[in-house]
Amino acid sequence: MKIALLSRAPNCYSSKHIVAAGVKAGHEMIVLDYLRCRMDIAAGDPAVFYMGERVQVDAVIPRIAASYTFYGAAVVRQFEMGGVLTANSALGISQSRDKLRCHQLLARKGVDMPVTGFAHNIHDIDMLLDSVGGTPVILKLLEGSQGKGVVLAETRKSAESIIAAFSKLDANFLVQEYIEEAGGSDIRALVIGKTVVGAMIRTAAAGEFRANLHQGGSAQVLKLTNEEKKLALHATQSVKLKVAGVDLIRSSRGPLVLEVNSSPGLEGIEAATGKDIASRLITFLEKQKAMKKGSKITRTPNLV
Ligand SMILES: Nc1ncnc2c1ncn2[C@@H]1O[C@H](COP(=O)(O)OP(=O)(O)OP(=O)(O)O)[C@@H](O)[C@H]1O
Ligand SMILES: [Mg+2]
């Protein structure tokens, strides 16, 4: 197959490993910066151009950065409309990126999550806090990542001042039940198709409740329970993704979903599990392609 990795970071660990895995499996791999893709919106012939040339590929692997979801998802959609196989659909990428929409969809599909409330500019802070069981409470900026916009408010007074500050900044945020019993740990489950191909537990540094590796957390391989596996698969399918990094947290009432990521990083999970996840992704695409066509896979000679 000829496979395009849609990424703005060709030299990052995940990109390099996916390209290497594809080449090893005998495919022709190219990396395209999706922001430099041009689309021709012509009836009956949806085309994508890169550096003036029409892109002709069998499959795409989207790795769209959060800040470019709108355009990146449009490029993926254009490939889909042209009949190109994609590791994740444009719909799945957009749905999982919008945290509010993602929570709404997961809730509708019956996926267990911490009790969560969304707000923008709120006057009745007391009511909002009561709706998630009061303090201690987690407050998250919707635009945050790597743990940066996540705050634990232990008292009502501190929760009120943080909410007032978020409102003043005109920021979208969510208020969430604090899962204290997780003890500063969360789980990343890597889903490809109908399988959880690897999982790790991330543990926060001493004195920290956020398990993000960027906040000093550490990761170790983890064997998930059947319930956790089922939940990760259910969450992935609920937002119409095929490849996802599902973040779970262990609570006293069972595992809960924190988030579903459409472009999960491979470095941490490959290091923790010792598995070649990139190759699993390529094998998954090969199977999807074979199913789609009802034909056998074409392998081109290695092109480095
Ligand atoms: N409701 C909660 N109860 C206890 N701990 C939580 C809760 N929500 C988040 N945490 C901790 O804070 C960390 C960061 O939260 P979260 O993953 O929601 O935000 P983020 O990492 O900044 O966003 P993203 O995952 O989109 O990059 C989690 O990994 C987890 O350890
Ligand atoms: Mg996170």
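This is a predicted model: local features need pLDDT of at least 70, side-chain atom pairs count only at pLDDT 80 or more; totals for chains, interfaces and linings use all residues.
The domain assignment divides the chain into three parts: domain 1 covers 2-88 + 281-293, domain 2 covers 116-178 and domain 3 covers 181-261. The centres of domain 1 and domain 2, taken over C-alpha atoms, are separated by 38 Å.

Ligand 1 has a shell of 24 residues, and the closest of them are S145, I179, D186, R210 and A211. By residue class, the shell holds ten nonpolar, seven polar and seven charged residues. Ligand 1 lies between domain 2 (116-178) and domain 3 (181-261), because both domains give residues to its shell. At least two shell residues come from each of the strands β9 (137-141), β11 (173-177), β15 (243-251) and β16 (254-261).

Four of its five residues are buried, so β9 is largely enclosed by the rest of the structure.

| Strand pair | Sense | Bridges |
|---|---|---|
| β9 and β10 (residues 150-153) | antiparallel | four bridges |
| β9 and β11 | antiparallel | five bridges |

Individual positions can be named in both pairings. L139 has V151 in β10 as its bridge partner, while V137 stands opposite E177 in β11.

Which strands, besides β9, each supply at least two residues of the shell around ligand 1? They are β11, β15 and β16.

Methods. Residues are numbered from 1 along each chain as its sequence is written. Chains are lettered from A and ligands numbered from 1 in the order in which they are written. A residue is near a molecule or strand if its C-beta atom, placed from the backbone, lies within 6 Å of it. Ala, Val, Leu, Ile, Met, Phe, Trp, Tyr, Cys and Pro count as nonpolar, Asp, Glu, Lys and Arg as charged, and the others, Gly among them, as polar. Domain bounds come from an automatic or database domain assignment. A residue is buried if 20 or more other C-beta atoms lie within 10 Å of its own, exposed if 12 or fewer, and partly exposed in between; C-beta atoms are placed from the backbone. Two strands pair if DSSP finds at least two bridges between them.
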